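Student: Could you show me how to read some features of a structure that I have not seen before?
Tutor: Gladly; let us look at it together.

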Number of protein chains: 2
Amino acid sequence: MLDFKIIKKSRKARRGELKTAHGSIQTPAFMPVGTAATVKAMFPESVAATGAEIILGNTYHLMLRPGAELIAQLGGLHQFMGWNKSILTDSGGFQVMSLSQLRKITEEGVSFASHIDGKRYMLSPEKSIEIQYLLDSDITMAFDECMPFPSSYKDVQKSMERSMRWAERSKKSFNNREGYGIFGINQGGMFLDLREFSARKLISIDFDGYAIGGLAVGEGQKIMFQMLDSIPDMLPDNKPRYLMGVGKPSDIVGAVLRGVDMFDCVMPTRSGRTALAFTREGTLNLRNATHQESPNPLDYHCSCPACTHYSRAYLHHLFKAKEILGAMLLTWHNIQYYQDLMHSIRNAIEHDSYEDFAETFFEKQEKSKRPL
Amino acid sequence: MLDFKIIKKSRKARRGELKTAHGSIQTPAFMPVGTAATVKAMFPESVAATGAEIILGNTYHLMLRPGAELIAQLGGLHQFMGWNKSILTDSGGFQVMSLSQLRKITEEGVSFASHIDGKRYMLSPEKSIEIQYLLDSDITMAFDECMPFPSSYKDVQKSMERSMRWAERSKKSFNNREGYGIFGINQGGMFLDLREFSARKLISIDFDGYAIGGLAVGEGQKIMFQMLDSIPDMLPDNKPRYLMGVGKPSDIVGAVLRGVDMFDCVMPTRSGRTALAFTREGTLNLRNATHQESPNPLDYHCSCPACTHYSRAYLHHLFKAKEILGAMLLTWHNIQYYQDLMHSIRNAIEHDSYEDFAETFFEKQEKSKRPL
């Protein structure tokens, strides 16, 4: 059971608080991704310093290496990786589906070969929930299938219906206890009647929160926003809503406007390792020669170490010289950017001015040469 | 001019204090290497947190990228890299000599091709000193040649005599000012009479400190210690003595015993990126399967984040998964180990018990399965 309350609404946008065994999460919230028991290139205390209150761990990666049993033996994922705030784990479903040549789906679950050593594994709803239990995940995700875009109505329907049967098995396997919860995942591709069917099914199973899966899979922001004009309304008002794998800052701003509370994405961390910065002026590539001699900070309005202690010229140099510190500083900055954005979003909702906030944000994007 | 005073002696071992424009350095001191304007995988504030009071920068790397003029324009190396304590820069001589196929040595200096883009450069005593001035280096090193081991007496003599002429030109080019100094470099290979000749020549030129070059080039610890039984005694008592590129912890303990004050080496940082840890139990390879399930800290006696927040199993996992955090944590630990060692060394000298300290250290090494 998880405690969730909505503190304030600004039209559809919701300012909430979610409580887990490892603390409170102010929503709308962005979860940095910590795939293999580390948010890449970050000390966990630095992740916390950005304001992040929850991170995401990947069941698929952790079950293969170092193994869920070992993590349980060492006190759980929080203890193992030195992160004492909340953790949400995915179900592994999304990752094993993308091993297109290496996996086989049946009603029971998915059998697949490890990308590390080729060893074969089976992941089912029961197995996925057990692994997430061993990891001591605060928020467990139901095991589901995420369809590629585009897919036919028939294929999406068949897959969604199986995902709903898996959702039921996931819920049954979940060991309910105070401070821990399980989220169901809405599927149905770009077909609203399937989304509606999925939502009703999930609500009848009764989850602690509801995720929206199968978006941001290549359909583009316009179609995604069209889908989000309807899907959140299909979900219970009094439970958190989590849009999986999303996204760019503008995706988040638009999704909050449509009633979404939680997000995760590799974008800030992955970009941080490839010299791409999110700033209040738009996106910047620090490898670009325009930064070579610049004494200016990356972002005047940012309080992170990359922006307060160094010039753009230095960051440029670090990436040109392939220095690890480049990834360390820029990952920190990008996570800080995302957390600052969430902070501003929460503020705007609290002041019941979120529509203005979003409108201003998108106007700026339209004029920007380097949109977010 | 640099202020150096010896606070205490324990036989030949010296406990001193060196003052530069950027602060005091307690000696014996170890300088972490910050080749390309970053101590690899470390935030500068973390380097300072280990107790390091001075780092080394590499003229060769910095002149090629990002360029000394750019660093000067951006306020000097301290400002550029966010390190406000002291910096010693090498002369670039050692690096260009090792580009064996790409360089040509004349009396004027060394012409060489950049390893980055093949562009040709010239490095001479005058040029090297100018670059180190542009970098705002607290301690400038004279431009010299370091001979490989073994080399014939004749070759070493010829090279050393040229290095002494270069030392004279280096000193002449140096812009003497309060808080900044230049060190001469003793050469002469494994030939004590050449070392003696070199020392007299350097003393006649009059430097702010004296380095010992051309050791730790493959001769082994035993021969190095034999050389160090004599060389420090050839150098002025009232000036700091710096053994370049050294070394393993046991090298440092033995060299301090013989009167050396300063050290630098890539070993703690490079090892930190390749899973090799220095601990009070000896060296450990964290990729080794024996650590896979270990809940124990890397080193019970160490106060660094790697040892206080994580298990060996976690560090093992990070290296197996090729996670950047592995390099970040282990580099920190290794620098901490080195700084803790220097702290213990200074303590032992202060208590006039350094011979006991060194004896105990070497006895432990002899019994150790994983000597330092």
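Predicted model: local features only at pLDDT ≥ 70, side-chain atom pairs only at ≥ 80, totals over all residues.

Tutor: Residues are numbered from 1 along each chain as its sequence is written, and chains are lettered from A and ligands numbered from 1 in the order in which they are written.

Student: In what order do the strands S7, S8 and S9 of chain B form their open sheet?
Tutor: Strands are DSSP runs (E, at least two residues), as helices are (H or I, at least four), numbered from the N terminus, and two strands pair if DSSP finds at least two bridges between them. In chain B, the three strands form an open sheet in the order S7-S8-S9, with antiparallel pairing. Strand S7 (103–105) and strand S9 (120–123) of chain B stand at the edges with a single partner strand each, so one side of each is left without a neighbour in the sheet. Three bridges join S7(B) to strand S8 (residues 110–113) of chain B, and Arg103(B) stands opposite Phe112(B) in S8(B).

Student: Which strands are joined by bridges to S14(A)?
Tutor: Strand S4 (residues 29–32) of chain A is joined to S14(A) by four bridges and runs parallel to it, with Met262(A) as the bridge partner of Ala29(A). Strand S13 (residues 241–243) of chain A is joined to S14(A) by two bridges, also in parallel, and there Met262(A) is the bridge partner of Tyr242(A).

Student: Are the residues on the two faces of S14(A) buried or exposed?
Tutor: A residue is buried if 20 or more other C-beta atoms, placed from the backbone, lie within 10 Å of its own, exposed if 12 or fewer, and partly exposed in between. In strand S14 (residues 262–265) of chain A, Met262(A) and Asp264(A) on one side and Phe263(A) and Cys265(A) on the other are all buried.

Student: How many residues of chain B are in contact with chain A?
Tutor: Two residues are in contact if their C-beta atoms, placed from the backbone, lie within 7 Å. By that rule, 30 residues of chain B are in contact with 30 residues of chain A. Helix H4 (77–81), helix H13 (305–309), helix H14 (312–320) and helix H15 (324–350) of chain B each supply at least two residues of the side that touches chain A, and the largest share, five residues, comes from H14(B).
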